Amino acid sequence: VAGDIILDADGADVIFKDGGTSFLEIDKDGNNARIKNPISDGDVLIQGNDGGSIITALTLDMSAAGAATFNGSVGIGTTPSHVLHVDASSTSTLVTIHNTNGSSSDCRGLDVETSTTGTTVQRWLNAGSELGRFTASGDFLVGCTAFPSASVKGLAIRDNGSNGKFI
């Protein structure tokens with residue numbers, strides 16, 4: 001067939017079946033195009049060819065309310081160089097993490113866990129300059145990257161000069 005294949009169903013639905021069982025539906029919902037798997041708890045997979053091997057790039061798990069699982073790194077506004085890489089030119093908040101379950105005393109907004117044997121677990125940077133870090137031993141350093149001696153541990157706060165307080 002030369003040209004395009006056009007499916008024009010006045011009922012607004014295109015239904016794919018296998019042996020009489022619907023497994024994919026594409027329809028018009030108001031002004032929206034909708035793609036769905038009508039099989040109860042049936043996932044939606046986005047697959048492609050990666051160097052000759054078929055891979056699943058994204059799984060939408062319908063048994064878990066559509067939880068998205070990416071096979072590799074995720075970039076928002078950029079090609080990712082990390083597992084999750086968010087890059088934007090914005091004067092407003094870049095990322096907000098909000099836990100709306102305020103009824104529990106065990107309610108947490110953010111848990112950061114790193115499985116590492118390295119010395120630096122978490123770092124905060126501004127324009128590439130380190131502002132603070134947590135170490136694997138639980139020390140918290142602000143304005144410096146190390147304690148002045150191995151015998152000093154806990155909390156280190158240093159101003160822009162060489163003065164500092166070590167607790």
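Trainee: In this predicted model, how does W124 count: buried, partly exposed or exposed?
Mentor: Buried means under 20% relative accessible area, and exposed means over 50%. W124 has 43% relative accessibility. Because that value falls in between, W124 counts as partly exposed.

Trainee: Which kind of aromatic pair do W124 and F134 form?
Mentor: Their ring centres lie 5.5 Å apart. The planes stand at 65 degrees. Planes over 60 degrees apart count as edge-to-face, so the W124 and F134 pair is edge-to-face.

Trainee: How many residues apart in sequence are the parts that this pair ties together?
Mentor: W124 lies in strand β9, residues 120-126. F134 lies in strand β10, residues 129-135. So the pair ties together parts whose separation in sequence is 10 residues.

Trainee: What kind of aromatic pair do F16 and F23 form?
Mentor: F16 is partly exposed at 33%, and F23 is partly exposed at 39%. Their planes stand at 50 degrees, with 6.3 Å centre to centre. Stacked needs under 30 degrees and edge-to-face over 60, so the rest count as tilted. The F16 and F23 pair is tilted.

Trainee: Which strands stand at the edges of the open sheet?
Mentor: The order is β1-β2-β3, with antiparallel pairing. An edge strand here has a single partner, so one side is left without a neighbour in the sheet. The edge strands are β1 (13-18) and β3 (32-36).

Technical notes
Residues numbered from 1 in each chain as written. Predicted model: local features only at pLDDT ≥ 70, side-chain atom pairs only at ≥ 80, totals over all residues. Heavy atoms only, no water. Pairing = 2+ DSSP bridges. Helix = DSSP H or I, 4+ residues; strand = E, 2+ residues; numbered from the N terminus. Phe/Tyr/Trp six-rings, centres within 6.5 Å; stacked < 30°, edge-to-face > 60°. Buried < 20%, exposed > 50% of the residue type's maximum accessible area, 1.4 Å probe, protein only.
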